[in-house]
Amino acid sequence: MIVSALLTSVGINLVVCIIYFTLYSILRKQPSYNHVYIPRLVAEGKAKNGGDFHLDRLLPSTGWIRRAWQLSEDDLLLTTGLDAVVFIRILTFSIKVFTVAAVIGIFILVPINYFGTQINASDFADIPNKSLDLFSIANVNDGSKRLWVHFCVVYFITAFVCYLLFIEYKYITLKRIACFYASKPQPHQFTVLVLGVPVSRLGNSSESIRNLFMEYHPSTYLSHTVVNTPSRIKSLIEVPAAFVSFKTRYGAAVVSDMRQSDNPTEWVTEQAPEPRDVYWPFFSPSFMQRWISKLVVIVLSIVLTVLFLIPVVFVQGLTNLNQLKKLFPFMKGILNITFVNQVITGYLPSLILTLFLKIVPPIMMLFSSMQGFSSYSRIERSACTKVLIFTVWNIFFANVLSGSAIMQFDDLLEPKNIPMKLAVAVPAQASFFIAYVVTNGWTSLSAEIFRVAPLLWTSLKNCVGSHDFDPPSLPLHSEVPRILFFGLLGLTYVFLAPLILPFLLAYFCLGYIVYRNQLLDVFEPRYETGGKLWPTVHNSTILSLLLLQTIAIGIFGLKKLPVASTLILPLLIITLLFNEYCRKRFLPIFESHSAESVIKKDRENENENDPTMPEFLEKLPTAYRDPSLKPNQESAGNRNHRTPLLSSI
């Protein structure tokens, strides 16, 4: 891709973003669109009604930007919870990384690459018609001593990212513990979900559950609620699962972490999710059901991944102008028009791929809901991982290997050839990924804040006089994978094609403002997990570093600098050791609370003689009842949490 084609793509997306942000800043002032732009405030009764008309309602303003910027993290934590804080810290972490990376890339690596003399770079006036390879490592002569600067950048970026990862992991861990100590008694802290309850000869699961826990945990067992689900004939069918409540947090923690039977498929225990987080529609307590469902989902995910290669190959064909002229000879005249070929090769491929990607997160949510997870949070984290893996494979690897490298697939099966093949293929796709960041990143953020679909839906409702709605929750399964994938692109291309870094930095800075605004005005938390999403972020970043280092080994080999390739190998080992240390040091805190924490919390309630505890324990057995089985007036306020997932996607 030439520079002018990239500039065309950037210009188109920039215009779209400006239009969206301008319209948003006007429409958010109109009371008739409160349900679109401030639905959370409407639900909380904080939205202002119409009032007198003022001219400033028709003028765009930036007050919402200042409000989102000035919000402190403590206020965000109090308003939206730790999960939202962790989401925003993903963005601040990325901003820190790519601010430093962009300074190094633009002011050090780009000049070195431009004057690398492998491609003629003497004519500054003709830069728009030059290839973007001028600004990449491809323009540095083989064996040049300048390549040692790139080598140093790989080491520095790895060290800097690992340092920030450690700081963030430690900070979020401490926040998670602090939030637990500051929390009031919560049902899920005292409750364990029991799966695989053996069906007794008398068919009375409730009696079997009571007998087992009265025998094994008589001092802490409080009560239990057998999971019921309505059948098609409106009768109640008991399934082998129950929510078992205990008198103390420590009692629940002991049971959740210990096998209750010699048969590991029976009496399987895990910490219960929050009552509002329980996913009732596809409750699947059977060990065999979950195992078979997992296999089915794996097969379906592979099929989806293979089918998605069709649009990927099509998109790659659009980036090659000569190939287009051969395939569509009747369009040669149109394709020879400068602006048309710049739009087709620079903007259209990333736009088409972005549109196809829209269907992936809902499908992955559906797949995850089929696996028998008992909570929305686990379904969403599972979908998040699936979308991330899908995106990395189909958008990164499928694109970079869709050229000549895929024809040599047999070579890729040999591990020693992987760095060299990636070193050839990855730099060649730098221009496509820059356009992809602008289209899928910048435009997606502007579309997020403008909320096109809710705007149209609310306009229709206004016509018929209906205003019933539920504030949406933050779609972590689609937004987090996008952020992490852009992080992977940035770390991968940090020394290959640093021109991508300013575009990524702009995306993260814009996302920081947009999502803080949306968390305040639009999204309502569906559940709270205490920041359990961060380990996924950490693992993804480590994967990005390993990919960076693997490509570096191949690049320095291609560039006739074998010593540099050899010296990258210790960096791979150090990164893996660092990841293992973090896994041992921090990950257990995200899996469950320690005995120290739960005992201190239990003693705190006992020492303070909390008068609300007896009433809390008395109501605890009723906390875990399927809202669809409760009286209508009782479940009306919980409709948002009992709506089947399939209807929400």
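How many of the ten residues of helix H15 are buried? Seven are, which leaves H15 (residues 360–369) mostly covered. The buried ones are Val360, Pro361, Met364, Met365, Phe367, Ser368 and Ser369. Here "buried" stands for under 20% relative accessible area, "exposed" for over 50%, and "partly exposed" for anything in between, with a 1.4 Å probe and protein chains only. Helices are DSSP runs of H or I with at least four residues, numbered from the N terminus.

A word on the model before going on. It is a predicted one, so local features need pLDDT of at least 70 and side-chain atom pairs count only at pLDDT 80 or more, while totals for chains, interfaces and linings use all residues. Residues are numbered from 1 along each chain as its sequence is written, and side-chain values use heavy atoms, with hydrogens and water left out.

Helix H9 (residues 249–256) is another mostly covered one, with six of its eight residues buried. Those six are Arg249, Gly251, Ala252, Ala253, Val255 and Ser256.

**Aromatic rings**

Searching the whole structure turns up 41 aromatic pairs. Rings of Phe, Tyr and Trp (for Trp, the six-membered ring) pair if their centres lie within 6.5 Å; planes under 30 degrees apart are called stacked, over 60 edge-to-face, and the rest tilted. Two of the pairs are set out here.

| Pair | Arrangement | Centre to centre | Between planes |
|---|---|---|---|
| Tyr24 and Trp64 | edge-to-face | 5.2 Å | 85° |
| Phe156 and Phe160 | stacked | 6.1 Å | 5° |

The Tyr24 and Trp64 pair links distant parts of the chain: Tyr24 belongs to helix H1 (residues 3–27) and Trp64 to helix H4 (residues 63–70), 40 residues apart. Tyr24 counts as buried because its relative accessibility is 0%, and Trp64 is buried too, at 6%.

An α-helix has 3.6 residues a turn, so residues three or four places apart point the same way. Phe156 is partly exposed at 41% relative accessibility, whereas Phe160 is buried at 17%.

There is also an aromatic cluster, made up of Phe98, Trp393, Phe396, Phe397, Phe432, Phe433, Tyr436, Phe485, Phe486, Tyr493, Tyr507 and Phe508. One of its members, Tyr493, is found in helix H21 and is buried, with a relative accessible area of 1%.

Elsewhere, the charged end of Arg526 sits over the ring of Tyr376, 4.3 Å from its centre. For that label, NZ of Lys or CZ of Arg has to be within 6 Å of the ring centre and within 35 degrees of the ring normal.

**Two helices side by side**

Helix H21 (residues 476–493) packs against helix H19 (residues 430–450) at an angle of about 150°, with the axes 11 Å apart. The axes are lines fitted to C-alpha atoms over the stretch in contact, and angles run from 0 to 180 degrees between N-to-C directions. That makes H19 roughly antiparallel to H21, a label for angles over 145 degrees; under 35 is roughly parallel, 65 to 115 roughly perpendicular, and the rest oblique.

**Around H6 and H7**

Asn139 is in the loop between helix H6 (82–114) and H7, and it is buried, at 0% relative accessible area. A polar atom of the Asn139 side chain lies 2.6 Å from the backbone oxygen of Asn113, and one lies 3.5 Å from the backbone oxygen of Leu134. Ile137 is in the loop between H6 and H7 as well, buried at 1%. Its C-alpha atom is 8.7 Å from that of Tyr114, 23 residues away along the chain.

In H6 itself there is Arg89, buried at 13% relative accessible area. Its side chain makes a polar contact of 2.8 Å with the side chain of Glu168. A polar contact is a pair of N or O atoms within 3.5 Å; within protein, one must be able to donate a hydrogen and the other to accept it, and residues adjacent in sequence count only if both atoms are side-chain atoms.

**Positive phi**

Most residues other than glycine have a negative phi. Arg451, not a glycine, has a positive phi of about 55°; it is in the loop between H19 and helix H20 (452–464) and is buried at 11%. Lys560 has a phi near 60° and lies in the loop between helix H23 (534–558) and helix H24 (562–585). Lys560 is exposed, at 55%.
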